[in-house]
Amino acid sequence: MRLAIIHNSIPMKASLGRKTRPLPYRVYWVAALILTLLAMLDSIYLAVMHYRIYTDIGYQSFCAISKAINCDTVSQSAYAVLAGLPVSVWGIFGYAYFLLVLLPSSKMGNGSRHIWSFLFILALAYGLFSIFLALVSTYYIRSFCILCVISYGINLWLLFHTWIVRRRFRTGSLAASFRQSLSFLRNNRRWTWGAMLPFFVIIGLTMAFFPSYWKLQGTRELDEITKGINLDGDPWIGATEPRLEIIEFADYQCFQCRKMHFYLRQLIAQHPGKIRLIHRHYPMDDKVNPVVKEPFHVGSGAMAMLAIHAGLKGKFWEMNDVLYELGGRAERIDVASVASRVGLEVSEIAAELRNSDVLTKLRKDIQAGLQLGIAGTPAYLVNGKLSLGMIPSEYLSIVFE
């Protein structure tokens with residue numbers, strides 16, 4: 001019995017000492033290819049989403065779930081555009097470049113092995129940029145985009161993957177291996193002239209001709225459109241005898257309000273005899289609006305009072321356009337510059353903002369919104385029916401008849 005036990009234990013020890021066969025080089029290469037393609041698809045979707053948020057009046061992304069998780073909020077921030085292009089478009093170019101560097105290393109060789117040092121440095125740059133964007137979302141935007149978080153994860157995964165490949169195939173010191181990868185790529189003339197040159201030409205052309213659709217502009221000259229004040233003291237613009245009348249409750253720091261403002265102004269300019277827009281203020285500023293319980297859109301209350309003051313001087317729509325063009329940058333508004341553009345005396349503004357007529361008008365508008373149960377902007381009263389966020393297309397159909 002004892003001999004049998006000893007005899008049976010020998011194969012067990014041998015199996016414990018057996019080395020596992022490493023994965024072939026092709027598996028690592030294909031894994032990197034798949035990760036890069038997934039990241040590129042993610043960036044393409046983000047680019048399309050960014051475009052639709054600014055140009056499609058009824059679009060809302062699938063991940064506009066809450067204040068903390070909202071792709072729309074991230075796309076609307078100033079950090080969504082870098083050097084004249086959306087960050088998502090730079091992402092497409094970045095992953096395309098990663099692919100162009102990866103492709104020459106599809107077969108294992110002494111030169112192609114060192115390309116992984118080049119890829120490691122690229123992945124390190126992508127990872128650091130992802131960390132920067134994550135910090136911006138956390139501390140500045142205070143909202144996260146699910147698809148952006150996915151791209152951050154892929155970037156860090158690519159960084160780990162390229163590090164593993166470098167260790168697995170013993171590429172040596174990073175500096176020496178990187179120099180060899182540059183030499184390998186430089187000597188590959190078909191890669192240099194056939195792939196990289198056209199790639200950089202495409203980037204240059206894109207930067208030169210890419211439309212700045214995120215700069216919402218294009219209101220017509222106000223002299224071309226009829227405007228006035230109704231019996232309730234609310235400013236209106238458009239038709240004197242409208243077929244469609246819209247009452248808006250808006251906030252100058254609200255992106256959707258700004259987007260709808262430019263859309264409605266263009267609609268009024270195209271159909272001046274059919275539609276009338278009446279403006280009422282509903283700043284989502286906790287200092288003036290009791291429905292807001294924490295700091296939010298800070299300064300929008302002051303912007304509303306600035307517009308009301310301009311209205312008392314017969315300059316409401318001029319001021320309205322300027323405030324929307326500023327796009328919610330309340331903390332950086334140069335009052336003197338704004339007053340000059342509108343044609344107001346800057347010396348009067350500080351005193352007039354404390355005018356009881358200005359405060360009474362603001363409170364009246366906010367109270368009207370509270371009575372309607374409005375908890376966010378924009379909100380619209382169309383034919384007596386309240387719509388939140390946008391105006392249903394069936395209401396606008398009368399304009400296009």
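This briefing walks through the cysteines, nonpolar cores, surface patch and salt bridges of the structure above. The model is predicted, so local features need pLDDT of at least 70 and side-chain atom pairs count only at pLDDT 80 or more, while totals for chains, interfaces and linings use all residues. Residues are numbered from 1 along each chain as its sequence is written, and side-chain values use heavy atoms, with hydrogens and water left out.

**Cysteines**
- The model has 1 disulfide, a term that stands for a pair of cysteine sulfur atoms within 2.5 Å.
- Cys 63 and Cys 71 form a disulfide, with an S to S distance of 1.6 Å.
- Both Cys 63 and Cys 71 are buried; buried means under 20% relative accessible area, exposed over 50%, and partly exposed in between (1.4 Å probe, protein chains only).
- Cys 254 is buried too, at 7% relative accessibility, and so is Cys 257, at 1%.

**Nonpolar cores**
- A nonpolar core is a set of buried Ala, Val, Leu, Ile, Met, Phe, Trp, Tyr and Cys residues joined through side-chain atoms within 4.5 Å.
- The largest one has 59 residues, and Ile 246, Met 319, Leu 323 and Ile 391 touch the most other members.
- Helix 9 (residues 255-270) gives the most to this core, with 8 residues; helices (H or I, at least four residues) and strands (E, at least two) are DSSP runs numbered from the N terminus.
- Beyond its neighbours within four places in sequence, Ile 391 has contacts that include Ile 246, Met 260 and Leu 264, where contact means heavy atoms within 4.5 Å.
- A second, separate core of 38 residues includes Met 40, Leu 85, Tyr 97 and Leu 100.

**Salt bridges**
- There are 8 salt bridges, each a side-chain nitrogen of Lys or Arg within 4 Å of a carboxyl oxygen of Asp or Glu.
- Asp 234, Arg 280, Lys 361 and Asp 365 are linked in a network of these bridges.
- Arg 280 meets Asp 234 at 3.6 Å, N to O; Arg 280 lies in strand 6 (residues 275-281) and Asp 234 in the loop between strand 3 (227-229) and strand 4 (235-238), so the pair ties together parts 46 residues apart in sequence.
- Lys 361 also meets Asp 234, at 2.3 Å, N to O; Lys 361 lies in helix 14 (residues 356-371), so this pair ties together parts 127 residues apart in sequence.
- Asp 365 bridges to Lys 361 at 3.0 Å between the closest N and O atoms, and the two are 4 residues apart in helix 14, separated by about one helical turn.
- Asp 234 is buried at 2% relative accessibility, Arg 280 at 11% and Lys 361 at 14%.
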